[in-house]
Amino acid sequence: QVQLVESGGGLVQAGGSLRLSCAASGRTLRPYAMGWSRQLPGKEREFVARITWTLGSTYYADSVKGRFTISRDDAKNTVYLQMNSLKPEDTAVYYCFLKPAPAPGTANYWGQGTQVTVSS
């Protein structure tokens with residue numbers, strides 16, 4: 001079993017920054033990738049960013065490219081999301097996920113979510 005614990009959410013003014021953290025524990029071994037998705041009010045969950053664990057390759061949604069940076073700490077089994085130049089439309093619950101293997105049908109593990117609110 002894998003547990004993911006997020007932290008770092010909160011309230012920030014537009015243009016400000018926040019850093020989210022997600023610590024993985026349990027049977028994490030060496031995941032294929034970890035990342036972040038978010039759910040805006042009244043909308044479906046959407047992909048934000050992902051980083052592969054072995055090579056550190058990163059992928060971003062177009063809406064956050066150039067503003068958000070994902071990184072990892074292998075020793076701590078932790079993934080970070082540095083969010084800069086935040087906009088009110090970034091307001092959402094942010095969920096960390098862990099993808100155990102690259103196979104398309106592999107189910108992700110999810111954290112409980114952390115609220116990010118950006119005021120205008």
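1. The count comes to 1 disulfide, where a disulfide is taken as a pair of cysteine sulfur atoms within 2.5 Å. The cysteines concerned are C22 and C96, whose sulfur atoms lie 2.0 Å apart. The pair links distant parts of the chain, since C22 belongs to strand β3 (residues 18-26) and C96 to strand β9 (residues 92-99), 74 residues apart; strands here are DSSP runs of E with at least two residues, numbered from the N terminus.

2. This is a predicted model, in which local features need pLDDT of at least 70 and side-chain atom pairs count only at pLDDT 80 or more, whereas totals for chains, interfaces and linings use all residues. Residues are numbered from 1 along each chain as its sequence is written, and side-chain values use heavy atoms, with hydrogens and water left out.

3. On the geometry and setting of the disulfide, the link of C22 and C96 is left-handed, with -80 degrees about the S-S bond. Both C22 and C96 are buried, a term that stands for under 20% relative accessible area, while exposed stands for over 50% and partly exposed for what lies in between (1.4 Å probe, protein chains only).

4. For the aromatic rings, the count comes to 1 aromatic pair. The rings of F97 and W110 have their centres 5.4 Å apart and their planes at 55 degrees, so the pair is tilted; by the rule used, rings of Phe, Tyr and Trp (its six-membered ring) pair if their centres lie within 6.5 Å, with planes under 30 degrees apart counted as stacked, over 60 as edge-to-face and the rest as tilted. Because F97 lies in strand β9 and W110 in strand β10 (residues 109-110), the pair ties together parts that are 13 residues apart in sequence. F97 counts as buried at 5% relative accessibility, whereas W110, at 38%, counts as partly exposed.

5. The structure holds 5 salt bridges, each defined as a side-chain nitrogen of Lys or Arg within 4 Å of a carboxyl oxygen of Asp or Glu. Among them is the bridge of D62 with K65, whose closest N and O atoms are 3.2 Å apart. D62 is exposed, with a relative accessible area of 64%, and K65 counts as partly exposed at 49% relative accessibility.

6. Which residues are linked in a network of salt bridges? They are R38, E46, R67 and D90. Within this group, R38 bridges to E46 with the closest N and O atoms 2.7 Å apart; R38 is buried at a relative accessible area of 4%, while E46 counts as partly exposed at 30%.

7. R67 forms a salt bridge with D90, the closest N and O atoms again being 2.7 Å apart. R67 lies in the loop between β6 (58-60) and β7 (68-73) and D90 in the loop between β8 (78-83) and β9, so the pair ties together parts that are 23 residues apart in sequence. R67 is buried, with a relative accessible area of 10%, and D90 is likewise buried, with 1%.

How values were computed
Helices (H or I, at least four residues) and strands (E, at least two) are DSSP runs, numbered from the N terminus.
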